[in-house]
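Here is a short walk through the place where two chains meet. Keep the model in view as you read.

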Amino acid sequence: MSQPAKPAPQPAGRAAAKKELPEHFKAYKHVWVFIEQERGHVHPVSWELMGSGRRLADKLGVELAAVVIGPTGEATRAAVAESFCYGADLAYVVADDVLTDYRNESYTKALTDLVNTHKPEILLLGATTLGRDLAGAVATTLLTGLTADCTELEVDADNSLAATRPTFGGSLLCTIYTLNFRPQMATVRPRVMSMPERVEKPVGRVIEFPLGLVEADIVTKILAFVPDRDKATSNLAYADIVVAGGLGLASPENFQLVRQLAGVLGAEYGCSRPLVQKGWVSADRQIGQTGKTIRPKLYIAAGISGAIQHRVGVDGSDLIVAINTDKNAPIFDFAHLALVTDAIRLLPALTEAFRKRLSAHTRDRIAS
Amino acid sequence: MHIVVCIKQVPDSAQIRVHPVTNTIMRQGVPTIINPYDLFALEEALRLRDKFGGEVTVLTMGPPTAEDSLRKALTIGANRAVLLTDRFFAGSDTLATSYALAAAIRKIGSTFGAVDVVFTGKQTIDGDTAQVGPGICKRLDFLQLTYVSKVSSLDLEARTIEVERRSEGGVQVLRSNLPCLITMLEGTNQVRRGSMINALNAARAEVVKWSAQDAGVEDIQKCGLRGSPTVVKRVFAPTPRAEKAKVVEAAGQPPAEALIDEIFKLRPKLENEMFELARGF
Ligand SMILES: Cc1cc2nc3c(=O)[nH]c(=O)nc-3n(C[C@H](O)[C@H](O)[C@H](O)COP(=O)(O)OP(=O)(O)OC[C@H]3O[C@@H](n4cnc5c(N)ncnc54)[C@H](O)[C@@H]3O)c2cc1C
């Protein structure tokens, strides 16, 4: 069945010409990045966003501000100081012990009040569980546009934010504008943007802001927090080396070969989506558009075809090695090194060869 | 107790293709399904109803053909289905969608009984934004509980609810009040199959169809394209990488050895780093 050729995709009506920004929005300036803290730790996605935020602010000729919301005390102070090292010109700080744990009600109030008072032009958040929960609530309260899971952020010739994100299950990308509303909000997933360089910078301006809520005003109460036991599972996104397997491995037993190679390399292991759907591997190991985005120095993909939904999760890898029996597999379009062979046979040999190399390395180092 | 579950009819998985020449999306013949995450939301709602009594209303906004998804939900066990359909909704972004759905939920409340809980899936598999749930919630001024894996208890007298909610580093156990909006995580409950009786009833059941006006939408300017602050400017295919992968030739040596040589040739620093990493294990 042939598809009638349509003109280049210009979605009807949506690509409306930019209008003059309404008068009351003209006061909105500066780029803000929400610094996500959970239980005393800043999520690295916040620093990744500072890198993008810095670029946008420089292009617009405005300031870059970090927004730090959390309990009073050392952790919040440290997050503020750290935000200066990652490029913030100033930090807006809402510190109150009511904000010790994330709750939608208190954080939404803090962030919306801040925006309404200090009026940023662009507001960026991580597309984490916390960031998405907060961004959706804040954008609706402010009645402004929010673009989810962006992979690229630019400022166009008119100084508007051009936010690019995957669409149609990752098969296409689209660029989205928030034309006549402010702030322009976007979320970005962890590891999509590269980590900016940290520069020692002891001071910056701090603007404190009151929360205006007491515990009794907040309906939702935290009864308990159960931290994840398996620390390693959440590390996939930040691993330096990742070994992953796909349907080409043919059975859950063969997936062990991936784990074994990862073990020898001190790497994390992951998989393509069908393996999660089949129940061979747990969901937090899925790499790709609906799984984790990774940015390792080395990514080894065994028996993975390289569908676009997988590709968008691994494109930031420094070196992609693909092992696949099909020399026409789409993964070879974006891998750097290709081995056209049976992964089930190669993986044990590779594990063994690496083991030897790395132990020989140990010997050399001890000898020298 | 009255629970509303918002569902969305979405194209089934990877079957969408991009036309190689025109770069347009080829949607013809792609089957539709209920967004998988919404099924977990429906299941959790049905469990609450089975335990505490009351009714579950499923709601979708979409084209007239979205009625199929509602009938499927009735087969699974929902009591009532509402289809919000109107050309004014076309082109809605997440903010405009949440406006329309919230209006419909208010109308459902005034027509069929006050709403205690609204459920949605954590996100859709076509849009992936996870924004519509929180959006509806704020419009209704309900309490927001996202990424919930389980409703652990409910007290209709005290109007309190306890849930387990996923956060980045663990699980939060929260107590909140009704009315609230919950977005459900994947795979946390086994979605039931529809029964024969339900299927028969579903086929005969009336699906309530509302236009924007029927649903009591106050300001049509806040719907569809006009009500959407975000504007899609450009749709395009990702650029292919300039070079194809370098094929590793195992000249005389085992392929595994050849591959390792190539890796270290391209990234000399990796060898040392790998050693450090491997030693850490
Ligand atoms: C909305 C949506 C979201 C999605 N999100 C994701 C996601 O986040 N992550 C993801 O991975 N996928 C995702 N997918 C699915 C994606 O489209 C593909 O279906 C999936 O990535 C394919 O997995 P695979 O490569 O393991 O399997 P297949 O496509 O079946 O490929 C198997 C490959 O193994 C090769 N092979 C076979 N035998 C061997 C052997 N012995 N040795 C070596 N190679 C062999 C074959 O040549 C083939 O290339 C998503 C799809 C949709 C629609």
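A salt bridge here is a side-chain nitrogen of Lys or Arg within 4 Å of a carboxyl oxygen of Asp or Glu. A:Lys297 forms one with B:Glu273, and their closest N and O atoms are 3.3 Å apart. Across the interface of chain B and chain A, the rule finds seven salt bridges.

This is a predicted model, where local features need pLDDT of at least 70, side-chain atom pairs count only at pLDDT 80 or more, and totals for chains, interfaces and linings use all residues. Residues are numbered from 1 along each chain as its sequence is written, chains are lettered from A in the order in which they are written, and side-chain values use heavy atoms, without hydrogens and water.

Now take the whole interface. Chain B brings 87 residues to the contact (heavy atoms within 4.5 Å) and chain A brings 96. About 8600 Å² is buried between the chains, 60% of it from carbon and sulfur atoms. Buried area is the accessible area (1.4 Å probe) that two parts lose on being put together, summed over both. B:Glu168, B:Lys233 and B:Arg241 supply 9% of the area that chain B buries against chain A, more than any other three residues.

Next, the strands, which are DSSP runs of E with at least two residues, numbered from the N terminus. Strand 18 of chain A (residues 337–340) pairs with strand 15 of chain B (residues 246–247). The sense is parallel, over two bridges; pairing requires that DSSP finds at least two. A:Ala338 has B:Val247 as its bridge partner in strand 15 of chain B.

Conventions:
Helices (H or I, at least four residues) and strands (E, at least two) are DSSP runs, numbered from the N terminus.
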